Amino acid sequence: MRNGVNATRLRVPLAGPWPTVHDYVLETFGHIDHGGITRRFDEGDVVDVHGTPLSTSTPLGDLEFLWYYRSVSQEIPLPVTEELIHEDDHLVVVDKPHFLPTTPAGRYVQESLLVRLRNTLDLPDLVPIHRLDRGTAGVVLFSKQPATRGAYQLLFENRVVQKSYECVSASPTGMSAETMAARFPLTVRNKIEKTKGVVVSQLASYAPEHSGKRPHDRTARQGKRRTEAIPGANSSSQIELLSTGRSPSGHDVGHFRLNPHTGKTHQLRIHMALLGLGILNDRFYPELLDDAPDEFDKPLQLLAKTLSFTDPLSGAPRSFISSRTLQESPQ
């Protein structure tokens, strides 16, 4: 580990049109950081399974895997700060701000919640038990001990963790507060698919005979990982209206509590958009907007507010609450 970052393993083809390993990596990933790739080879930051540095002339076919440490040239600090909610012998619980990724991704490595915490708390074994999108703020649970990590991971795998979120959405034009209130509470279910390399998730159709079933009831036996695809809906969220009114920026808005029964990528954002209530400042749903610099004064109005479970080690109830609020909540 270096500066809070684990080495990343990369599989390299044993044969191909590239004379060297460096040529293959440069052609495959050079569009991301062309000069940085060669610099890593020159500085000995790319190694084989034995930790021996590779050079730019290492022939293709000499090895099947290489390891390197991720870094970003001139990584710009994000002007947001995480808050520690709880720490004990096994767990660290943090209130993540908007805009900070949970783990290293793309142009954010040191500026990720995981790496910040590893460095500031001096906890090299720290690992997130679950993740929040970069745009979402709120409660994130981390494991400190490899020996007890599995017990906490099973809580999420077996869906015995209770999570609640809050969001703020613009009210549909012309809809009265009374009409809005009459729609809720309600439950949204559908089938969501995520394709690797595609930014947004997509909705998928399914046969009528598979409708009306609750996906969170169709789990594998405890401790067993489901391998076959679930027919019908694979996502479910309960949505409750908390209040309506005028936001500080002058929008007519609704403030909602969201209880996800499943954990598909962007699930809550998709479900709110399907209701015609896209979350304020969402650049992905209902319409994917062009990439643009972060507007730190306009965070996505989605907050992971609470996280509760029975501790698998002590049997005690545990509950953690974010102290953050959504700036566009009705006044």
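1. How many bridges join strand 1 to strand 3? Five bridges join them, and the two strands run antiparallel. Strand 3 covers residues 65-69. Leu-10 stands opposite Leu-66 in strand 3. Two strands count as paired if DSSP finds at least two bridges between them. Helices (H or I, at least four residues) and strands (E, at least two) are DSSP runs, numbered from the N terminus.

2. Some ground rules. This is a predicted model, in which local features need pLDDT of at least 70 and side-chain atom pairs count only at pLDDT 80 or more, while totals for chains, interfaces and linings use all residues. Residues are numbered from 1 along each chain as its sequence is written, and side-chain values use heavy atoms, with hydrogens and water left out.

3. The overall layout. The chain holds five helices and 14 strands. Its C-alpha trace spans about 70 × 45 × 45 Å along the principal axes. The domain assignment gives domain 1 (7-69) and domain 2 (78-209 + 231-330). Such bounds come from an automatic or database domain assignment. Taken over C-alpha atoms, the centres of domain 1 and domain 2 are 36 Å apart.

4. Back to the sheet of strand 1. Three strands form an open sheet in the order 1-3-2, with antiparallel pairing. Strand 1 (7-11) and strand 2 (46-47) are the edge strands, each pairing on one side only.

5. Strand 11 and its partners. Strand 11 (235-246) pairs antiparallel with strand 9 (residues 186-193) through five bridges. Here Leu-186 has Ile-239 as its bridge partner in strand 11. With strand 12 (252-260), strand 11 pairs in the antiparallel sense over nine bridges. Ser-237 stands opposite Pro-260 in strand 12. Strand 11 and strand 12 form a hairpin with five residues between them. In the turn, Gly-250 has a positive phi of about 95°.

6. Buried residues (under 20% relative accessible area; exposed is over 50%, partly exposed in between; 1.4 Å probe, protein chains only) make up 43% of the 331 residues in the chain. A nonpolar core is a set of buried Ala, Val, Leu, Ile, Met, Phe, Trp, Tyr and Cys residues joined through side-chain atoms within 4.5 Å. The largest one has 32 residues. Phe-142, Phe-184, Ile-239, Phe-256, Leu-258, Met-272 and Leu-302 touch the most other members. Elements that each supply at least two residues include strand 5 (91-96), strand 7 (137-143) and helix 5 (267-274). Helix 2 gives the largest share, three residues.

7. The cavity. A cavity is a set of points on a 1 Å grid over the protein atoms alone, where a 1.4 Å probe fits but cannot get out; lining residues have an atom within 4 Å of a point. Grid points are joined across faces, edges and corners, and the volume is the space filled by probe spheres set on the points. There is one cavity of 30 Å³ or more. The largest cavity holds about 40 Å³ of space. Its lining is His-130, Val-139, Lys-163, Ser-164, Tyr-165, Ala-304, Thr-306 and Leu-307. Strand 8 (162-170) and strand 13 (302-310) are the elements that give two or more residues to this lining. The lining divides into four nonpolar, three polar and one charged (Ala, Val, Leu, Ile, Met, Phe, Trp, Tyr, Cys and Pro count as nonpolar, Asp, Glu, Lys and Arg as charged, the others, Gly among them, as polar).

8. A loop residue. Ser-171 sits in the loop between strand 8 and helix 4 (177-182). Ser-171 counts as buried because its relative accessible area is 18%. Ser-171 and Val-188 are 17 residues apart in sequence and 18 Å apart in space, C-alpha to C-alpha.

How values were computed. On a 1 Å grid over the protein atoms alone, a cavity is a set of points where a 1.4 Å probe fits but cannot get out, and a pocket is an open set with protein on both sides within 12 Å along at least five of seven lines; lining residues have an atom within 4 Å of a point.
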